[in-house]
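This briefing covers selected local features of one protein model. The points below are grouped by topic for reference alongside the coordinates.

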Amino acid sequence: MTEPLQSDARRRMAAAAVVLALLVLAIVLAVFLRAPAGSPPQPAAPSASPGAPTSPSPGPAASSVSPSTTQPRTAQPSPSQPVGASTETPEAGQDPVQPPVTVPPVPVPPPSVPVAKPGPAPDPVPPAAPFPSALLTQDLTVIPNAGSVVALTFDAGANAAGLPKILSTLSAKGVTGTFFLTGNWVEANPGGVGQIVSAGHRVANHSMTHPGFTGLDGTQIARQVRGAEQTILAAGGDPRPLFRFPFGERDARTIAAVNSLGYVAVRWTVDTLGWKGTSGGATAQTVADRTLAALQPGEIVLMHIGSNPDDGSTLDADALPDIIDRISAAGYGFATLDALLAP
């Protein structure tokens with residue numbers, strides 16, 4: 001009897017195990033079917049502070065079958081997860097971070113700058129004097145404080161017969177001179193200014209037509225001086241601020257007029273009288289002797305470029321080599337009349 005009883009007990013235990021397994025399976029299926037499909041896991045709720053009331057846990061999810069239809073209910077998007085929104089979610093326990101609102105700065109108007117009231121206009125700056133003021137009202141006969149130098153000067157109002165020989169001699173001796181030119185001479189000898197300037201010599205103003213100045217009024221004087229100035233400038237030279245009166249004719253009024261035009265009046269220490277020519281009793285020897293007889297520091301020697309109209313002689317050009325040699329032998333050097341303009 002014992003063995004049949006044991007066999008029956010085993011069958012009951014096996015049946016109970018099967019029933020228990022089926023019960024467990026049914027519970028698992030019931031739990032799985034009740035969970036909403038596709039819902040993300042809910043973040044863990046922050047622990048409540050001590051003494052604070054706890055909210056009741058949400059109940060089971062509502063049945064997916066509507067009471068009026070047998071069709072499953074369509075899942076609605078969560079209010080916190082709009083359709084088409086980013087799938088990123090804030091970290092657990094944090095509120096979504098909203099981007100900062102950029103508020104443009106309110107422009108601040110610049111402080112008003114007081115407008116300066118126009119004051120009195122400054123006094124105009126006078127132009128620089130074209131020559132030292134100590135030379136005003138004078139018709140200079142020597143170069144002041146020049147030391148042992150001589151200025152060789154050549155007037156050009158007639159023709160250019162002696163110019164080639166004069167320029168050749170000055171070049172051979174290494175001496176520079178000052179050439180006082182009339183506007184008429186420049187117009188008649190258009191290449192003469194270029195030859196003089198290119199050889200390193202100084203040009204100066206000797207009036208336009210070589211008239212006597214004491215018989216001219218102020219307007220006529222200005223025309224003579226400005227006419228020659230413009231003519232020489234157009235030919236490539238600049239005569240300013242050196243002027244010599246035609247025939248040496250001047251007075252206080254005419255000197256002041258020339259000064260007002262920006263020129264200093266320059267006369268001479270000695271006139272060689274070479275312009276008289278052989279027909280007037282002059283020779284190259286007398287020309288050189290007169291020059292050396294007047295030798296002194298700052299001597300200004302007057303010679304002429306043109307030939308004598310009667311005999312055609314050019315005695316100043318002929319005597320020039322001997323004049324330079326004798327002055328050099330006496331221990332003197334040579335300078336242009338720009339030496340007058342040194343402060």
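Leaving aside residues up to four places away in sequence, N205 touches F180, L181, V225, A228, E229, I232, P239, L242, F243, R244 and Y263. The model is a predicted one. N205 belongs to strand 4, which spans residues 202-205.

- A polar atom of the N205 side chain lies 2.8 Å from the backbone nitrogen of S207.

**Strand 4 and its pairing**
- V203 and N205 point one way from strand 4, R202 and A204 point the other way, and all are buried.
- In a regular strand, side chains alternate between the two faces of the sheet.
- Strand 4 pairs with strand 3 (residues 178-181) in the parallel sense, over four bridges.
- R202 in strand 4 is the bridge partner of T178.

**Nonpolar surface patch**
- V18, L22, L25 and L29 make a nonpolar surface patch of about 380 Å².
- One of these residues, L22, is found in helix 1, which covers residues 2-34.
- L22 counts as exposed because its relative accessibility is 53%, whereas the exposed class requires over 50%.

Terms used
Residues numbered from 1 in each chain as written. Predicted model: local features only at pLDDT ≥ 70, side-chain atom pairs only at ≥ 80, totals over all residues. Heavy atoms only, no water. Patch = residues over 30% accessible without salt bridge, like charges linked within 9 Å, V, L, I, M, F, W, Y side chains within 5 Å. Areas by Shrake-Rupley, 256 points an atom, 1.4 Å probe, with all protein chains shown as cover. Salt bridge = Lys/Arg side-chain N within 4 Å of Asp/Glu carboxyl O. Helix = DSSP H or I, 4+ residues; strand = E, 2+ residues; numbered from the N terminus. Buried < 20%, exposed > 50% of the residue type's maximum accessible area, 1.4 Å probe, protein only. Pairing = 2+ DSSP bridges. Polar contact = N/O pair within 3.5 Å; in protein donor to acceptor, adjacent residues only side chain to side chain. Contact = heavy atoms within 4.5 Å.
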